Amino acid sequence: MSDPQIPKLYPRSTPSWQAKQREAFWSVNEGRTQPFNTRPDQLEALARECLSRNGRLYAESNAGASWTHQANRDAFFRHRIIPKQLVDTNQRDTSTTLFGHKVAAPIGFAPIGINKIYHPQGELPVAKVAGALRLPYGLSTAGSTSIEAVAAANDAGRQADGAVKIDGADNEQPVRFFQLYMPHDDELTRSLLTRAVESGFSACILTTDTWQLGWRHDDIYTSNYAFYRGIGADLGLTDPVFRKRLEEWGIDAEKEPQRAGAAWIDSVWHGRAWSWEKMPWLIRTWKEISGGKPFLLKGIQDVDDAWRAVEVGCDGIVVSNHAGRQVDGAIASLDALDNIIRAGVGDKITVTYDSGVRGASDIVKALCLGAKFVWVGRLWIWGLSIMGEAGVDHVMRSLLAEFDIAMAVGGFCSVADFTRERLESYERGKVPQRREEQRAKL
């Protein structure tokens, strides 16, 4: 177990996250137990019990027959970590630097919409925990809380008693990303970006694969679309330009929440594709409004697209297949990352990773394959669904502890040690099949 003297014997620049393990084992002596099991299959099962039918279906929904979702998990399975022994990891450092900001770990809260279907407080408890843990937070345009309120919650987390402090970092500087679903209304786009900048967001991420939702059988069968029920459109309904649009269209948001919610989401998941020709305008507009803050594209899976992102002036990309929720039968996101890094794109811009992460080993593998940073989504959604802020905190501190311990016992002293040489990888298509019961659990 972790000797409680370790933080004194081996002072670290980042927290001794692994101490959560000892606390868990000791707590029963004081009449306390862990809130819930964070093993991914157990975590998901408990979340299903806590959610409404529609909340459960939306959280679980993948495109088509879920082949892309399965491909994501299979890709992680074909890479194996090579631990090194007798490495002095006592003063290991979990931190990394992202666009000039030092953060507690190379782990962030992926932007996920409509959090109010998982918990009445929506994005607020999630943003607060992210702030307290000094981890980057991503707010979706499809968020169910105003930009301003989310920023305030994130700030409150950073200023709370017990919030994480990192040596060598500006602990008062927020690290939060605004994820944009771009309307076909330039005035509305500028308004959303302006609100994000005024609320202290550090960067903008344009998601490129969701002009329209993928075909998700269960959601379609149950008419499961919260916005059309008048739920979750708060981010849009608090925008002055969109409020002006509602007035022009003769929609009273208070009396007609379904029409207002539909008008909002139809403005951002509109079914009309953008092209590369629009990117220079968007990047220039964001840079002008923000004073030059970073801009990223999310949804990149093709090497040529990654190079195109470099050419149009992006500061980074998020390699992502939307966790299998958009294109069924698509390439695994981890394989796309491997292709993009091997092509040298990571030498030009910051490459981050998203999709299919279920634990610390997945994060280690993505980092070893060249990702600078890894976004986590469904894990904290499940925690939010189970126990709100406390649930998110428990899930993410457990993930950080697991990551910290993986570094300790795997022989990693810092994020710089995560290199391709620390993996043994099976060729694609030749990976041994997992047992079916294991596959079903994940």
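Where is Val 87 found? In this predicted model, for which local features need pLDDT of at least 70, side-chain atom pairs count only at pLDDT 80 or more, and totals for chains, interfaces and linings use all residues, Val 87 sits in the loop between strand S1 (79–81) and strand S2 (96–98). Residues are numbered from 1 along each chain as its sequence is written, and side-chain values use heavy atoms, with hydrogens and water left out. Helices (H or I, at least four residues) and strands (E, at least two) are DSSP runs, numbered from the N terminus.

Val 87 counts as partly exposed, at 31% relative accessibility; buried means under 20% relative accessible area, exposed over 50%, and partly exposed in between (1.4 Å probe, protein chains only). Once residues up to four places away in sequence are set aside, Val 87 touches Gly 411 and Cys 413, where contact means heavy atoms within 4.5 Å. With Gly 411 the sequence separation is 324 residues, yet the C-alpha atoms are 5.3 Å apart.

Next comes helix H8. The buried residues of H8 are Leu 188, Thr 189, Ser 191, Leu 192, Leu 193, Arg 195, Ala 196 and Val 197. Just past the end of H8, Gly 200 adopts a positive phi of about 80°.

Two packed helices are described by the angle between their axes and the distance between the axes. For H8 and helix H13 (residues 279–290), the angle is about 40° and the axes are 10 Å apart. Here axes are lines fitted to C-alpha atoms, for helices over the stretch in contact, and angles run from 0 to 180 degrees between N-to-C directions. H8 and H13 are therefore oblique to each other, given that angles under 35 degrees count as roughly parallel, over 145 as roughly antiparallel, 65 to 115 as roughly perpendicular and the rest as oblique. The crossing of H8 past H13 is right-handed, a crossing being left-handed if the near helix is turned anticlockwise from the far one by less than a right angle, and right-handed if clockwise.

On the H8 side of this contact are Asp 186, Thr 189, Arg 190, Leu 193, Thr 194 and Val 197, and these meet Trp 281, Leu 282, Thr 285, Trp 286, Glu 288, Ile 289 and Ser 290 in H13. By residue type, the contact of H8 with H13 splits into six nonpolar, four polar and three charged; Ala, Val, Leu, Ile, Met, Phe, Trp, Tyr, Cys and Pro count as nonpolar, Asp, Glu, Lys and Arg as charged, and the others, Gly among them, as polar.

Not counting residues up to four places away in sequence, Arg 190 touches Trp 281, Thr 285, Glu 288 and Ile 289. Arg 190 and Ser 414, in turn, are 224 residues apart in sequence and 39 Å apart in space, C-alpha to C-alpha.

From H3, Pro 40, Leu 43, Glu 44, Leu 46, Ala 47 and Cys 50 meet Leu 379, Trp 382, Gly 383, Ser 385, Ile 386 and Val 395 in H17. Nine nonpolar residues, two polar and one charged make up the contact of H3 with H17.

Positive phi also turns up at a couple of non-glycine loop positions. Ser 66 has a value of about 70° and is found in the loop between helix H4 (53–60) and helix H5 (67–77), where Ser 66 counts as partly exposed at 23% relative accessibility. Arg 134 has a positive phi of about 55° and lies in the loop between helix H6 (124–133) and strand S5 (137–140); Arg 134 is buried, with a relative accessible area of 8%.

Finally, Ile 231 belongs to the loop between helix H9 (217–221) and helix H10 (234–237), and is partly exposed, with a relative accessible area of 39%. Leaving aside neighbours within four places in sequence, Ile 231 is in contact with Ile 114, Ile 117 and Ala 226.
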